[in-house]
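Open the model in your viewer and keep the sequence panel beside it.

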Amino acid sequence: MTTDDASTRLGDVRAAIAKAASTAGRKPDSVTLIAVSKMHDAAAIEPLIAAGQRVFGENRVQEAQAKWPALCEATPDIALHLVGQLQSNKADDAVALFDAIHSLDRPSLVKALAKAMDKADRRPRCFVQVNIGDEPQKGGCPIVELPDLLDQARKADLPLAGLMCVPPLELEPAPYFALLAKLARDHGLEGLSMGMSGDFETAVTLGATHVRVGTALFGARA
Ligand SMILES: *Cc1c(COP(=O)(O)O)cnc(C)c1O
């Protein structure tokens with residue numbers, strides 16, 4: 001991908017976000033675009049950085065550790081978001097590298113992250129991932145356990161950004177986005193991490209503050 005291609009794709013996605021935001025009476029800058037660069041190498045990422053993108057997402061700690069320190073050294077104002085499942089034994093590494101974590105989904109991870117943050121004296125903001133479609137194979141906190149998990153996160157003094165979800169594949173996502181927005185309202189949380197390449201505009205009209213877009217920016221993954 002050349003910088004021109006990257007600029008075009010980035011411009012298209014930003015324009016679509018702005019349009020969806022204005023449809024919903026929201027300001028375009030109330031939505032953070034996270035460019036999900038998982039499985040793409042530095043050569044694919046650099047044109048997007050050159051085109052002005054500064055917020056990136058990865059779904060694996062190890063892959064991010066291999067790619068990002070060098071890229072961040074070249075461009076220090078980059079923000080990294082972890083959008084994939086996190087094992088408790090990787091909490092230290094995740095806290096050291098990421099500026100936000102979108103996959104807080106269980107009490108053991110609340111404990112591990114609290115400990116890691118105290119140790120590192122670094123406090124990435126956390127989104128609680130909700131298993132919004134109640135799918136057995138999917139990560140995320142069951143809806144019925146959300147109040148308890150939020151309670152534990154608050155008691156552990158984790159900086160809570162909001163809620164995150166990945167709706168069931170193949171189903172109309174809007175009702176799931178609306179449900180996540182309602183849960184966030186009910187619990188006094190502002191951040192809503194929802195919407196991917198196929199549905200980020202719908203997510204923005206329903207209140208997404210963070211959209212996680214990979215394919216529409218980088219092309220298909222191998
Ligand atoms: C890969 C991934 C994305 C980006 O998906 P695209 O369909 O390529 O935009 C968003 N969120 C999560 C959690 C992901 O794992």
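A disulfide here is a pair of cysteine sulfur atoms within 2.5 Å. Keep in mind that this is a predicted model.

**Stop 1: the cysteines.** How many disulfides does a search of the whole structure find? The search returns zero. Select Cys 165 to see why. The closest cysteine sulfur to its own is in Cys 141, 13 Å away, so the gap is too far for a bond. Is Cys 165 buried or exposed? Cys 165 is buried, at 0% relative accessible area. Cys 141 is buried too, at 1%.

**Stop 2: the aromatic pair.** Ring pairs count when their centres lie within 6.5 Å. The count comes to one aromatic pair. Select Phe 56 and Trp 68: their ring centres are 4.9 Å apart and their planes meet at 45°, so the pair is tilted. Colour by secondary structure next. Phe 56 sits in strand E2, residues 55-58. Trp 68 sits in helix H3, residues 61-74. The pair therefore ties together parts that are 12 residues apart in sequence. Check the surface again. Phe 56 counts as buried, at 0% relative accessibility. Trp 68 is buried, with a relative accessible area of 0%.

Stop 3: Select residues 16-221. An unreviewed UniProt entry places the feature "domain: Alanine racemase N-terminal" there. The span is 41% helix and 17% strand. Draw a line between its end C-alpha atoms: they lie 22 Å apart.

How values were computed. Residues are numbered from 1 along each chain as its sequence is written. This is a predicted model: local features need pLDDT of at least 70, side-chain atom pairs count only at pLDDT 80 or more; totals for chains, interfaces and linings use all residues. Side-chain values use heavy atoms; hydrogens and water are left out. UniProt positions are given in the numbering used here, feature names are shortened, and annotations may be inferred rather than shown by experiment. Helices (H or I, at least four residues) and strands (E, at least two) are DSSP runs, numbered from the N terminus. Buried means under 20% relative accessible area, exposed over 50%, partly exposed in between (1.4 Å probe, protein chains only). Rings of Phe, Tyr and Trp (its six-membered ring) pair if their centres lie within 6.5 Å; planes under 30 degrees apart count as stacked, over 60 as edge-to-face and the rest as tilted.
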